Amino acid sequence: MTAMTARKPPVVSVAELPACTVCHGSGTVAKAVRVGRRHRVVGHQEGACLHCWGTGTEPDMEGEQ
Ligand SMILES: [Zn+2]
């Protein structure tokens, strides 16, 4: 038996990570655009999701180093 010690590096696939609960994997969220004194909502603007930082995946706090 040959000593095959080929160790595979830990590959973190994006597909294996759960989708972000805030943006649902899109990486962007719709933000309300408010104008005027009354802050009337005139529309929505696409903004980067601050929960996953635009990655679209649920950040794993436990695995953070
Ligand atoms: Zn997100």
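Author: His24 is found in the segment before E1. This is a predicted model, in which local features need pLDDT of at least 70, side-chain atom pairs count only at pLDDT 80 or more, and totals for chains, interfaces and linings use all residues. Residue numbers start from 1 along each chain, as its sequence is written.

Reader: Why is His24 called exposed?

Author: A residue is exposed if 12 or fewer other C-beta atoms, placed from the backbone, lie within 10 Å of its own, buried if 20 or more do, and partly exposed in between. His24 has 11 other C-beta atoms within 10 Å, so it is exposed. The backbone of His24 has a positive phi of about 60 degrees, although the residue is not a glycine.

Reader: What makes His39 exposed?

Author: His39 has 10 other C-beta atoms within 10 Å, and therefore counts as exposed. His39 sits in the loop between E1 and E2. Its phi is positive, about 55 degrees, and His39 is not a glycine either.

Reader: How many helices and strands does the protein chain have?

Author: Zero helices and two strands. Both kinds of element are DSSP runs numbered from the N terminus: helices are H or I with at least four residues, strands are E with at least two.

Reader: What makes E1 and E2 a pair, and in which sense do they run?

Author: Two strands pair if DSSP finds at least two bridges between them. E1 and E2 (residues 40-48) have eight bridges, in the antiparallel sense. Val35 stands opposite Arg40 in E2. Four residues lie between the strands of this hairpin, and Gly36 takes a positive phi near 80 degrees.

Reader: Why is E2 said to lie largely in the open?

Author: Zero of its nine residues are buried, so E2 lies largely in the open. Over the 65 residues of the protein chain, 8% are buried.

Reader: What share of the contacts in the protein chain with a separation of 6 or more joins residues 24 or more positions apart?

Author: A contact requires two C-beta atoms, placed from the backbone, to lie within 7 Å. Of the contacts with a separation of 6 or more, residues 24 or more positions apart account for 50%.
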